[in-house]
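Here is a short briefing on charged side chains that pair up. Look at the model first, then read the points below.

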Amino acid sequence: MSWFSGNLTSYTTQLKDFTKQVLTEGTEEVTDVPGELKSARARILELEYQIQQTQNDAKAFHFEAQQKDEKIEELEHEKLHMQNEFKQKLKEAKCEINRLTDELEEVRLLQMQNPSENYIGECEDVSESHRNELYAMQEAHSTAVELLNHQHIIDAERYQMRIVELEELLSKNESPLLDQN
């Protein structure tokens, strides 16, 4: 809009200069009245053309501003939709974390209540070599389960930290999805 106001100032200055010229010339003795009249009319036509151009520019700027307002409104609507979608995904993630935490706690309780070693000891018809193999497999299984449990705990903690981080962003009305635009 500074361009527009700059042009408007320029036109205003030109109009003032023209008015001064007309008034100054009005006090001087005019010898060629038809020539002066023709010159004044040409100048008036020129200024009217500039005024028309300025009005056209103003209409174009108004139309452009209207389009930008519509785009802003559309983006605000999109932002609101994305925030709602983000909140829903966050809620789902919290539910999933709670479910996995509960499931992990159940697994821990079952391991504490029923150590797997008891099952192998109860099998009397198993040979000693098979029993050793079963113990080794059971130990490997227990180790794998512990590693999985440990990984689930790490994942749950990481998810929890991310949730806190996202909640802080939401409280500041910032969205990582919007930052991509």
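The points below cover the salt bridges and the exposure of their residues.

This is a predicted model, where local features need pLDDT of at least 70, side-chain atom pairs count only at pLDDT 80 or more, and totals for chains, interfaces and linings use all residues. Residues are numbered from 1 along each chain as its sequence is written, and side-chain values use heavy atoms, with hydrogens and water left out.

**Salt bridges**
- A salt bridge is a side-chain nitrogen of Lys or Arg within 4 Å of a carboxyl oxygen of Asp or Glu.
- Searching the whole structure gives four salt bridges.
- One of them joins Arg43 to Glu46, at 2.9 Å from N to O.
- Lys71 pairs with Glu74, and their closest N and O atoms are 3.9 Å apart.
- Glu85 meets Lys89 at 3.7 Å, N to O.

**Place in the helix**
- Helices (H or I, at least four residues) are DSSP runs, numbered from the N terminus.
- Arg43 and Glu46 sit in helix α2, which spans residues 33-113. They are three residues apart, about one turn of the helix.
- Lys71 and Glu74 are also three residues apart in helix α2.
- Glu85 and Lys89 lie four residues apart in helix α2, about one turn.

**Exposure**
- Buried means under 20% relative accessible area, exposed over 50%, and partly exposed in between (1.4 Å probe, protein chains only).
- Arg43 is partly exposed because its relative accessibility is 21%. Glu46, at 38%, is partly exposed.
- Lys71 is partly exposed at 44%, and Glu74 is partly exposed at 46%.
- Glu85 is partly exposed at 36%, whereas Lys89 reaches 51% and so counts as exposed.

Conventions. Helix = DSSP H or I, 4+ residues; strand = E, 2+ residues; numbered from the N terminus.
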